[in-house]
Structure formats: structure tokens, C-alpha cells
Amino acid sequence: MGQVFTIPPHVPFLQALAHGLLAHGDALPDVTVLVPTRRAARALAEALLEASDADAVLLPVIRPLGDVDEEFPAQAASTTDGNDALTLPAAIAPMHRTLALARLIMARAHATGLGPENAAQAIALADELAALLDAFATEEVSLDQLPGVVHDDFAGHWKETLAFLEVITDAWPKMLSDLGLVEAARRRRMLIDATCVRWQANPPGPVIAAGSTGSIPATARLLAQIAAQQDGAVVLPGLDQRLDDASWAACGPAHPQFGMRQLLERMGVDRSDVQIWPHTDTCTHTRKEASARTRLVSEALRPAETTDKWRDAGATLGPQMDDALAGLTMLTADTPQLESLSIALAMRETLETPGRTAALVTPDRALARRVAGDLARWGIAVDDSGGQPLMHSLPGSFLLLTAQMLAENLAPVPMLAALKHRLAQGGEGPGVFHRRIGFLDKHVLRGPRPAPGLDGLDSAITALTNPDLRHGGLKGARLETARKAAGTLRTLIGPAAELFARDEADAAELATAHLQAVEALAATHKTTGAHAMWSDVAGEAAASLMADVLTHADLLGTLSCADYPSILGALMAGRMVRPVRRSHSRLQILGPLEARLQHADRLIMGGLNEGVWPARAETGAWLNRPMRIQLGLEVPERQIGLAAHDVAQGLGSEDIILTRAERAEGQPTVPSRWWLRIENLTRGLDHAIDSGPWLEVARTLDRPQREALQAPRPAPKPPVAARPSRLSVTRINDLFRDPYSIYAESVLGLSPLDDLDAFAGAADRGNLIHTILETFSEQNPGPMPADGYQRLLAIAREAFDAAATRPAVRAIWYPRFLRVAEWFIPWETERRTRIARTHVEMKGKYVFPVGTRTFTLSGIADRIDVLSDGTLAILDYKTGVVPTVKQTNAKFSVQLPLEAEMARAGTFGKKDFVLPAADTSELAYVELRGGREPGAIKPLDDPMGLAASIMEHTLALLETFEKEETPYLSQPRPQFLAAFSNYNHLARVKEWQTASDPD
């Protein structure tokens with residue numbers, strides 16, 4: 001008869017197991033050892049080599065329980081239902097199952113009108129249904145029981161849910177049968193059962209199952225079979241043999257010992273019959289302090305029904321409390337960032353002792369990534385063994401970004417996101433392709449969105465050859481660069497872009513075209529795109545995904561091209577890229593599953609907050625708690641119990657650090673229930689747990705020196721010769737409100753770029769409206785013609801058609817302009833009765849001495865009317881915000897008054913015509929918004945008096961800045977500032993605005 005053993009939490013499991021296995025001597029190669037995971041199998045082999053004094057060891061057969069495959073039942077054997085173990089139906093591939101379920105879901109949605117709206121949503125639902133199928137198969141519950149679980153006591157929506165689940169109760173089994181396939185979980189169970197039958201008839205020799213808690217019924221049966229064999233043994237991790245019988249009986253699903261109790265009951269073994277593994281005393285890490293810790297953890301985590309026994313804990317634990325708390329640290333950080341930095345410091349400190357190891361264990365992958373990033377600051381590379389989501393890897397993100405680019409017909413934002421990706425090289429040498437794309441970004445794609453596709457890009461380039469546009473437009477070498485970049489893109493992704501421009505296409509064609517475009521973009525001047533994309537671990541994972549997509553694309557059929565990126569993202573969700581080997585020999589970052597049975601000299605358990613560790617106990621969308629109980633499925637708290645066992649095992653470590661953050665994402669957090677149990681028990685026993693030095697070190701590590709906060713307001717003082725000697729009337733406003741912006745633009749030569757996909761309310765729309773009204777005034781001088789409205793609309797249609805390269809301008813502003821036109825024609829008709837002549841887009845240059853230099857004040861007047869009395873009216877068309885009279889009087893907006901002063905000096909002209917000098921009797925803004933009030937006149941009082949006052953102010957301002965000691969301050973008059981300045985970031989405004997004055 002075999003035996004059942006346990007190794008206590010304070011004993012390194014694999015080290016003790018290795019010492020026991022080596023006791024078999026020369027018979028060791030005949031022993032079969034079953035461990036929970038592949039990682040544990042590799043770690044056991046290393047532990048055997050470390051524990052042996054020999055230079056070489058003939059290892060036992062080590063196999064993972066969690067990865068049963070065809071090699072597991074080594075010989076054919078009959079199962080209980082007469083099937084041959086090696087002739088069982090093949091398991092359905094995960095991608096095949098997901099897409100087949102999604103197809104069934106979409107078919108039901110089309111038939112009933114209820115369900116997901118697109119394939120991506122169907123795939124997400126299919127993944128959830130697949131998880132439910134796995135739960136039924138793993139826990140050996142028949143799907144036939146589902147129709148009977150909903151009764152009249154449940155809300156009506158549960159009946160609708162049950163009706164939806166007919167996808168897996170009716171359609172799915174039939175589909176599997178037609179395919180001749182079975183669920184992978186069911187096939188695994190059949191293989192394990194076949195093994196049990198074979199081993200019962202023909203014992204395989206010494207078999208030791210170590211480290212498993214038997215949470216899966218089939219695995220529990222296998223462990224029972226091993227324990228029943230003459231030379232079999234089961235080694236349990238951390239069975240609590242000190243817990244009193246009442247507490248043992250009260251262990252519920254959320255208790256760390258519930259799984260052990262359930263396993264022993266299934267095996268028919270009494271807890272008292274379980275023995276301590278006889279080789280635990282040979283482990284060098286076993287100490288009395290760790291043993292005392294095990295007693296403390298057992299007491300702290302006892303079932304809630306028996307926590308009244310805590311009143312007696314002082315007598316049983318009191319003498320050992322110092323030993324129990326030795327090496328235990330509980331660190332509460334203010335933020336997740338401080339938590340991760342504290343953990344990194346603790347791991348970094350471990351390396352100061354030669355040979356010493358440390359491991360972070362956490363289910364919080366964001367915390368794991370932050371710790372890895374913090375360690376990198378010291379040049380320590382540690383990969384998260386829990387893996388990186390494929391969609392966050394280089395090839396995964398490139399696949400998604402290129403799919404988005406193609407599906408959105410090369411819209412600027414997704415296109416630049418894809419083409420500026422690190423993998424996008426376009427067959428060129430380092431940096432060449434990115435420089436070309438950067439040129440398109442800066443000179444072509446800014447402003448409102450171009451027309452779709454590569455043809456739209458070509459049209460946008462052609463439109464920019466107009467010298468009146470975009471700071472002189474594109475010409476010469478710049479035009480050639482733009483056309484060459486567009487041509488390169490057409491060569492690389494032209495066929496794919498043409499396919500994705502359709503409304504629908506076959507899924508296999510879309511995936512093939514997508515891959516061709518990806519490989520073409522990823523190629524370099526030395527390597528092929530296939531090598532660049534698929535060569536490393538992440539590339540292999542991405543290649544495997546796309547191979548699965550192509551293999552099963554027929555299940556997707558014809559797709560909307562716009563849905564392809566979301567479908568690819570849904571299929572990529574949940575796929576992880578795991579490192580092949582540890583990047584550091586003495587440091588590890590592990591998930592709870594990967595950490596099982598592992599040992600480190602310092603163990604750090606991070607993220608101990610409710611909702612993280614343990615995760616929330618959720619029943620899922622398909623079944624509520626009473627339904628799960630009725631069906632015999634595990635309650636959600638069972639997962640909490642498994643997590644609790646992992647934590648209890650870790651707490652047995654000699655040097656253990658528990659960490660949590662008080663706030664996450666701006667919200668307060670709740671400490672993990674296990675954290676609170678330990679904290680409350682130790683406080684009740686008048687003992688404090690050390691918080692360690694790392695949090696305070698982390699706080700000071702990145703704390704800036706006080707002087708760093710005293711960021712001064714920028715006050716550059718360039719030489720007079722470098723200062724601008726020419727400004728437009730609109731820039732005089734900025735010289736008064738924010739001189740630093742003048743310095744940045746005129747002295748440093750920095751000019752802001754337009755936004756990508758800019759709202760159609762920026763400069764382009766203003767230029768378009770100005771052009772329409774200018775053309776109308778030039779073509780229709782004198783009294784308003786009877787068909788003036790029709791003539792204005794004809795000009796507008798031609799102008800908007802010419803702007804077809806920017807569709808957003810036409811879509812948003814053409815309807816608004818129609819309302820503007822309805823207002824403008826009557827207003828203009830009345831106005832022309834008192835106008836002798838109208839001049840539009842008049843340019844003016846007013847030259848006068850300032851200091852030791854000559855200064856040029858330039859401006860373009862939207863419209864100057866020569867009135868019947870010989871005076872002038874200067875009008876400024878505004879499609880945006882109109883300055884108020886108060887702002888102008890406060891010298892906040894000086895454009896129109898300065899134009900009046902320039903007109904009095906006779907500086908305005910156009911081609912061969914110079915407007916005679918004259919006084920201005922009318923200054924007004926013409927507001928053209930096209931809204932509820934399509935147009936309005938906003939006049940300024942006393943035009944010439946205002947012009948003289950503003951000119952005097954301007955001369956004084958210019959004289960001031962002609963002095964070298966005058967600085968170009970950033971925002972000296974914040975009360976007059978606009979909402980945003982393009983140079984705030986350069987001036988580091990937020991730093992000096994929030995800095996306190998020095999003492």
C-alpha cells in the first residue's frame with residue numbers, strides 16, 4: 001500500500017522532495033514523478049542536481065500533471081467505456097472552437113434578432129462560452145442538466161440566458177460529433193481515466209505525485225490510484241496537521257485547506273494518517289522561526305466559525321511570536337508606483353549577498369511590469385514569467401496597428417501609428433523609412449483629414465502644390481520627397497489598401513493581404529519582413545496566431561473590412577508571450593501558478609488587495625450561485641481557496657515581504673482578507689510587524705531637491721540684432737500677452753504643427769470662407785446683382801469641391817455656409833448702397849524707426865470698403881471667436897486698430913494698386929459662424945481715436961523690446977492670455993507657476 005505525505009510550508013518543497021528521491025539510489029531512473037506544472041518539472045530536475053554530491057545524476061521520469069498528452073498513457077489501454085486510449089477523438093483546437101462557437105452565436109443572432117452585432121462581439125461571447133464548457137468538462141458535470149436549473153423563483157432574464165445557452169447544449173455537441181472531435185478538457189479527463197485503469201491492472205513501478213492539491217476530480221482519482229499502489233506515494237504541499245478537528249471540519253471553499261480536505265476525502269485517507277515527508281530535516285533552509293510562522297499563519301487563517309479560539313492564541317502562540325514574526329515584513333505603500341519601487345529595492349538589496357535569490361509573486365501583471373521597469377534603472381533585466389500579452393508585444397501591436405490603418409483607409413492617426421512603429425522599416429536602412437513618414441506627417445497629413453486611401457494621399461500632396469497654401473505649399477525637393485514617400489507606400493501596401501477599401505471581403509483574403517502588407521513594411525535593406533516579424537518568441541506567438549486564423553478563416557466567411565481589426569484583437573486577447581528562460585539567475589517575477597513549489601531566499605508577495613489577490617468571487621454571466629450549486633459546479637469562492645493556499649505556502653518562507661498599495665487609480669483599496677487576518681491577530685497579541693526600510697528609501701529615491709522645484713520663469717534676452725524687426729498686426733497681441741511665444745517663433749524659429757485629423761474649424765475653414773467672399777466681391781463689384789445669392793453659392797460649390805482632399809471641411813462647413821450666405825446677401829445688398837468700392841485681401845507694410853533699427857509692421861486686411869464720403873471701413877471676417885470691445889480697449893486685441901493706422905499712412909495695396917491714405921470711420925468684426933445666428937456685425941467705437949491710442953501703445957512696446965535688457969517673459973499678463981499657448985510646454989509653465997518662492 002502506498003503512502004500519503006506532506007511537506008510543511010516552512011520547508012522548501014522541491015529541495016525536500018529531491019532529498020527523498022535521491023534515497024532511491026540506483027533505482028531512481030525507474031521512478032516516475034508527477035508534478036503540477038512544466039516549470040515545477042524543470043525546477044525539480046535542478047533541485048536533484050543541486051542536492052546530489054555526484055557530478056551527474058540519472059534523473060527519474062518527471063512529468064507535469066497539468067499537461068497530459070499522448071505520452072502520458074504510454075501504452076494503449078482500454079478505458080472504462082471500452083474505448084482505446086490512443087484512438088480517442090482528437091481535441092478541438094482552441095481557435096477552431098472559438099470561431100466555431102462564434103459562428104453558432106452569429107447564426108442564432110441572425111435567426112432571433114438577439115445577440116452580438118458583429119463578429120468581434122461574437123468571438124468575445126464564444127470565449128466566455130468556452131470557459132463555461134471547460135468548467136463543465138473539468139468538473140464532470142453534464143450539459144444535459146442545464147435545461148432544468150431555471151425555475152419560477154428566478155428572474156425572467158435567466159430564462160433568456162438559458163435559451164441562449166442552447167448554443168452549447170444543442171448545437172455545439174452536434175457540431176463536435178459531426179467533426180469527430182471532443183473538448184480538450186474532456187479528452188484530458190478520458191486520458192487520465194485510461195491511465196488509472198491501466199495502472200490498476202499493470203502497476204508502472206514507483207510513482208510519486210508531488211505538489212498537487214487534486215482540485216480537478218480526474219486528477220484526484222489519479223492521486224487516489226497512486227496512493228493505492230504498493231510503491232506509490234502522494235506528497236501534499238502544506239497540509240495543516242495542527243488545525244483542530246472542529247476547524248478542519250469547518251473549512252469552507254475559501255479556506256486554504258479546503259482543497260486538501262476534499263482530496264483526502266476523495267482518496268479515503270484520514271488526515272491523521274498523513275505523514276511528514278521523512279527528508280524535510282535535510283533542508284538547509286528549515287528553521288524554528290519558519291516553523292513558528294506556519295503555526296501563526298494556520299491560526300490567523302482558521303475558519304471564521306472557530307475564530308473564537310483566538311482568545312486562547314496567546315497561550316499557544318505567545319512564546320513563539322518573536323520567532324514567528326522574525327523575517328516577516330508587511331509594507332503598505334501610498335501608491336502602486338511606490339509599492340513597485342519598494343519591491344524593486346528589496347530585490348536589488350538581495351543581490352548584495354552573493355548567491356542569495358529573491359522572487360516577486362503577484363497576480364497583478366501591471367505591478368510585475370512596473371517592478372521590472374524599476375529594476376531596469378540599475379541595469380537588472382528580469383522578465384515577468386507570467387508573460388506579456390501578445391497585443392502588447394512588438395509583433396502583436398504591429399499586427400493590430402497595421403490592421404487598424406488598413407481598415408480605416410489610411411486615416412492619418414492610425415496610419416502614422418502603424419508606420420512609425422519600430423518594426424516598420426519599409427525595406428530601407430535604419431531610419432530612412434521613418435524620416436519619409438515623418439515628412440508626410442509634418443507637411444501633408446496635418447490639418448483636416450485627407451480623402452481616404454492612397455489616392456486621397458496623392459490628392460492631398462497635389463493640393464499642397466498651390467503656393468498660397470501651407471506656408472508656400474510643396475515644391476521642388478520637398479514635393480519630390482512627398483511623392484516618393486507616397487509611392488513607396490503604394491508599393492508596400494497598395495494591394496492590401498485596395499482590398500480593405502471594399503465594404504466586405506473574404507476573411508482569408510483579408511488576413512493574407514494583411515500579412516503581405518505587414519511583411520512588406522517590416523522588411524529592411526538586409527532582412528526579409530518574415531524574419532523581422534516572426535523570428536523571436538513574440539514573433540513565433542504572433543505567427544502561431546495568424547496561422548490559426550488562416551487555417552480556420554473559412555469559419556469567419558465574409559467580413560466587413562471595418563470589423564477586421566476588432567476581430568483580430570478579440571482573437572489575440574488572452575494570448576500571452578512567455579520568456580523562454582529567466583533573464584536573471586537570482587531574481588524572478590512570477591505569477592501565483594508559476595510560483596507553486598518554487599523557492600527563493602527572499603519571497604515578496606505583492607498586490608495583496610481585495611479584488612487583486614484574491615480576485616473577486618464572480619459567478620460569471622451565465623449561471624448564478626444557486627444554479628452552480630444545483631448543477632454541482634464549484635462555487636466562485638473555490639478560486640479564493642486556491643489562492644489562499646498559495647499565500648499560506650508563501651508565508652512559510654524564512655524571509656517574506658507582503659506588500660500592498662493604499663490607493664490604485666485614484667481610489668482607496670481594501671487590504672486582502674489574509675492581510676487583515678494576520679494584522680488583527682498579531683495586534684491582538686500585542687505584537688507589531690516590521691514594515692522594512694524600503695518604502696522610506698523609495699520615497700526619498702526620486703524625491704527632487706527643493707531647488708529643483710524653484711523653476712524660474714523663462715526670461716531670455718537675445719541680442720538686439722537677433723530680435724524680430726518685423727511682426728504682423730496679429731502678433732503684436734502676443735508681444736503684449738506672452739512675449740516668450742514671439743521669442744520661440746521669431747528667434748528660435750519654432751512654429752507649431754496643425755493637429756492630425758483636426759476639427760474642421762481650424763485655419764483651413766477660415767481660409768476657405770475668406771476665399772469665397774473675396775472671390776465674390778472681386779467678381780461682382782458695384783450694386784448687388786439680382787442673382788447674387790446664386791452666384792455666391794456657385795463660387796462656394798467650386799471652392800468646397802476644390803477642398804475635396806479634406807472631406808471634413810465640406811461635410812461640416814458647407815451646410816453652415818449656406819446659412820451664412822442667406823444672411824450675407826441681404827446685409828451686403830444694403831451695405832453696397834453706401835460703398836464706392838470694396839478691396840479684399842489688401843496687404844500692408846508700415847515701416848517706421850524703432851530704436852536704432854527700422855521696424856516693419858505687416859498685415860492683411862480681409863476687407864476695406866471705400867465709403868461714399870471718402871472714409872474707409874475696415875472689416876475682419878471671423879469664423880471663430882470674436883474679440884470684444886473691452887478686450888480691444890484693454891489692448892488685448894489690436895489687429896483692427898493697427899490696420900486703421902496703417903490705412904491712414906497709405907500702406908495698403910494689391911499688385912499695382914496702392915490704396916490712398918485716408919481715415920477710417922468704421923472698424924468692425926463680421927462674425928460668420930453659420931449657427932442659429934449665422935452672422936453678426938461687432939463694431940468698435942471711435943476708430944481713429946482707438947487707432948492712435950493702440951499705435952502709441954505699440955510703439956512703446958516695440959521700443960521696450962529693442963533694449964537688450966528687456967526679457968521675453970512667459971505669460972507676464974496671464975489675465976489676458978488665451979486658453980492655450982503652443983509654447984507653454986517649452987516655457988515649462990506648470991513648473992514655475994506651481995513652485996513656491998524660496999525662503
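The axes of helix H4 (residues 119-138) and helix H6 (residues 166-179) come within 11 Å and cross at roughly 80°. The model is predicted, with local features requiring pLDDT of at least 70 and side-chain atom pairs pLDDT 80 or more, while totals for chains, interfaces and linings use all residues. Residues are numbered from 1 along each chain as its sequence is written, and side-chain values use heavy atoms, leaving out hydrogens and water.

**Helix packing**

- H4 and H6 are therefore roughly perpendicular to each other (angles of 65 to 115 degrees; under 35 is roughly parallel, over 145 roughly antiparallel and the rest oblique).
- Axes here are lines fitted to C-alpha atoms, for helices over the stretch in contact, and angles between N-to-C directions run from 0 to 180 degrees.
- Helices (H or I, at least four residues) and strands (E, at least two) are DSSP runs numbered from the N terminus.
- From H4, Leu129, Leu132 and Leu133 meet Val167, Ile168 and Trp172 of H6, where contact means heavy atoms within 4.5 Å.
- The contact of H4 with H6 comprises six nonpolar, no polar and no charged residues (nonpolar: Ala, Val, Leu, Ile, Met, Phe, Trp, Tyr, Cys and Pro; charged: Asp, Glu, Lys and Arg; polar: the others, Gly among them).
- Helix H14 (residues 336-350) and helix H15 (residues 365-376) have axes that come within 8 Å and cross at roughly 55°; H14 and H15 are therefore oblique to each other.
- Residues of H14 including Leu341, Ile343 and Met347 meet residues of H15, among them Leu367, Val371 and Leu375.
- The contact of H14 with H15 has eight nonpolar, two polar and four charged residues.

**Salt bridges**

- The whole structure holds 48 salt bridges, each a side-chain nitrogen of Lys or Arg within 4 Å of a carboxyl oxygen of Asp or Glu.
- Glu828 pairs in this way with Arg832, with the closest N and O atoms 2.9 Å apart, and with Arg863, also at 2.9 Å from N to O.
- Glu828 lies in helix H35 (residues 807-831) and Arg863 in strand E22 (residues 853-867), 35 residues apart.
- Both Glu828 and Arg863 are buried (under 20% relative accessible area, with exposed over 50% and partly exposed in between; 1.4 Å probe, protein chains only).
- A salt bridge also joins Arg831 to Asp865, the closest N and O atoms being 2.9 Å apart.
- Arg831 lies in helix H35 and Asp865 in strand E22, so this pair ties together parts 34 residues apart in sequence.
- A network of salt bridges links Glu828, Arg831, Arg832, Arg834, Arg863, Asp865 and Glu922.

**A buried glutamate**

- Glu901 is placed in helix H37 (residues 895-904) and counts as buried at 11% relative accessibility.
- Leaving aside residues up to four places away in sequence, Glu901 touches Tyr846, Ala947, Ala948 and Met951.
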